[in-house]
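Trainee: I've got a model open and I'd like to learn how to read it. Can we go through it feature by feature?
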Amino acid sequence: MSRPGPFQRNPFILVLCALALAWSAPVLAAESLQQVLKRRGLSQQDLLAAAKTYVPTGERDEFLAFASGGQSGHVIVYGVPSMRILKYIAVFTPEPWQGYGFEEESKAVLAQGRINGRDITWGDVHHPAPSETNGDYDGKYLFVNDKANPRLAVIDLHDFETKQIVVNPIFQSEHGGAFVSENTEWVLEPAQYAAPLGGEYQPLERFNEEYRGGLTYWKFNREKGRLEPENSFSIELPPYSQDLSDFGKGASSGWSFTNSFCSERYVGGIERGRPPFEAGCSAKDTDYLHVVNWRKAAQVAAAGKTEMINGHPVITIETAIDEGLVFLIPEPKSPHGIDVSPDGKYLIVSGKLDTHTSVFEWAKVKALIDAKDFAGKDPYGLPILDMKKSLHTQVQLGLGPLHTQFDPQAGIAYTSLYVDSMVARWDYLKGELLDRLPIHYNIGHLMTMHGDTVKPRGKYLVSLNKLAIDRFNPVGPLHPQSHQLVDIGGSKMQLLYDMPLPLGEPHYAVAIEAGLLKPRIRYKSGTNTRTGEISPHKTRAGEERIERDGKRVTIHGTLIRSHITPEIIEVDEGDEVTIYLTNLERAQDQTHGFTVGKYNVHGSFEPGETASVKFVADTPGVYPYYCTEFCSALHLEMQGYLLVKPKGYKAKVGDLMPKEEYGQADYEKQVATNVATQATIDEVVAFITSQDYKAHPEVVALVEDATDQLGRAAEAKKKTEIEAGAERWHSATLWAGQWWQYQVKAADIGLRAKNILEEHGATGRP
Ligand code: CUK
Ligand code: CUA
């Protein structure tokens, strides 16, 4: 009912209605567009911007953006161009709505991210990277990093859930990941602040000798959708504060590139009377771009030419030199982003403290490497290529260039200018600045559609700004983050929309064509969504049970509109209680939540999902449990009682159930209602089956669900008749009521299916 029906869409009728309204009630006449513009002080330009971003009710966005959630440890999903937020994907941080960290299955994912036996329940998410096939996003997986506690996570885009967290086995911090190779064979996670590999103690005086940077290449198993620590490896690097990275593609396939800053190897010490980090780390004019032959490195690692640190194979600097795996190129000054052009032929490096953006040419770099034409060696013996001989051009774009994204037109790129607060559009082939657009304020990353793939889609750019200052209503000293949408379709960039984002600071974001994403609408019944396997605790209707083994009480229950089975759970004080629940629904969006008050447990059960909550019932008392999603008209009745009996409690003889109060007249009244309801259901069924409903998967799912509900209605009807036959009118009346409940649910689902058929039939939308 969110979209106008065919009646409201008929323009002739609309005009008639408008006329009728205008004639009969002039005070309420709709304002004209001109009047609205005047009243709200909007310009033609504003109107144009609004028209470019507005997505009418029920319509969908063309792209989905996945933004890093910074200190929130989440990933934010929003639509482009509407900038409507669609989801927060919980990754490193518990999030109760999704049950993440409050039910056992997702707790197991968070537990994979423990470090030194400690739960780490937050993350600093910087760089999302979608899985790629032939260098373009394929919409299957998303990888994100945690800079603070060096970890990577795998999100499955079939259901937008976090499936895996891996802890970097040798780094103390990281930053430049996640980046993926053209076919997602490898996910790259570079270190950031140098430290002894493996985590041992070494004094800062031994920085040059004992502290190291590095790159970890995680092997990804696409069939399983998981990173494989046992097949992953790292390359040891000098302590140069490795930073952003990118995989080569096309011409530079098989190689990866990593920036660094503070190649001065300065260790600070303001309290020891030394100049601070920021001075010591920016003293030189250049830092190093690391050029890595990862394909060969993978062979070297597979051949076992590694040293084990914490059980993880590491290619040492000496081996990297011997095998010709790593080369350095000087790059100006305190660089940040390194971005490989769509064809893989150019490497674009921005130096935060340089007004230039440097364009390195892969063919030149490769020729120098092949000819062993080195300008020198670094203190660790790594070969250094001559910067001038590697450069294609350098372009003066503005102050503080950071990150670059690409356009479908060959040679066109967009670079963020942090200090100038601008986006620069420029041509990296010709070395020309084309256009600059002011941004509010201090842009960090920017994103164009598929902007780091072999096939950028153009159209829009989003600028991810570090400061919001005066853009939004003030909400205290902590401001929201600010994303600004820019139209890059024309010859001049045009700012369209400001979106506040009230979560942690986003760094990078990526935008995927919405059509490439095909998320499921339900799970196979009994799925543990975090492992993707059918849970051994899957429970079918009628199999619900409460079992006791010593102090352990295990409940297998089910959820379906509008009841939780079982409805009464009795345990003793101190019992260890595990409640496995299966959502029996098959209909789209029919999620149930579950919580037991005061025990800090909560789950979200999507259709088909099996998950569990676990706690020690250490406090005697009465604990209502209930469904936490308004799932149906009788949602509030989707409830139950956990009774925790005090130690040594002796049951008193007495009646548990209230006395009987319904008689034959009540029974007959209920049955009459049921018969009338059945007539409505029959009408809806006749309509649906007269349509080609099998062409609409959503409707098929609803019809299956309605059929289930009708099956249950039939069972309840049988029980009703048995009770009525024995003249147990009270029980017969309640069973007739239950029979009606199932009918109502079937009717509700049937009507939803009918609505979809009517709307989509009328508009021809799939
Ligand atoms: S970083 Cu934040 S603006 Cu982590 Cu990619 Cu550049
Ligand atoms: Cu299920 Cu409310």
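Trainee: Let me start with one residue: is N442 buried or exposed?

Mentor: Some ground rules before that. This is a predicted model, where local features need pLDDT of at least 70 and side-chain atom pairs count only at pLDDT 80 or more, while totals for chains, interfaces and linings use all residues. Residues are numbered from 1 along each chain as its sequence is written, chains are lettered from A and ligands numbered from 1 in the order in which they are written, and side-chain values use heavy atoms, with hydrogens and water left out.

Mentor: Now your residue. Buried means under 20% relative accessible area, exposed over 50%, and partly exposed in between (1.4 Å probe, protein chains only). N442 has 17%, so it is buried.

Trainee: What is phi like at N442?

Mentor: Most residues other than glycine have a negative phi, and most peptide bonds are trans. N442 isn't a glycine, yet its phi is positive, about 50 degrees. It lies in the loop between strand 27 and strand 28 (strands, E, at least two residues, and helices, H or I, at least four, are DSSP runs numbered from the N terminus). Y441 is in that loop too, and a cis peptide bond joins H440 and Y441, with omega about -15 degrees.

Trainee: Where is A178, and what is the peptide bond from G177 like?

Mentor: The bond from G177 to A178 is cis, with omega near 5 degrees. A178 sits in the loop between strand 7 (161-167) and strand 8 (179-180). As for positive phi, F160 has a value near 60 degrees; that residue is in the loop between strand 6 and strand 7, and is buried at 10% relative accessible area.

Trainee: How many salt bridges are there?

Mentor: A salt bridge is a side-chain nitrogen of Lys or Arg within 4 Å of a carboxyl oxygen of Asp or Glu. By that rule the count is 41. Take R151 and D146, whose closest N and O atoms are 3.0 Å apart: R151 is buried at 0% relative accessibility, and D146 is buried at 0% as well. In R206 and E210, N to O is 2.9 Å; R206 is partly exposed at 35% and E210 is partly exposed at 25%. There's also a network linking R548, K551, D572, D575 and K645.

Trainee: Which residue does E505 form a salt bridge with?

Mentor: That's K466, with the closest N and O atoms 2.5 Å apart. E505 is in the loop between strand 31 (494-501) and strand 32 (509-513), and K466 in the loop between strand 29 (458-465) and strand 30 (481-487), so the pair ties together parts 39 residues apart in sequence. K466 is also one of the residues surrounding ligand 1 (a heavy atom within 4 Å counts as near).
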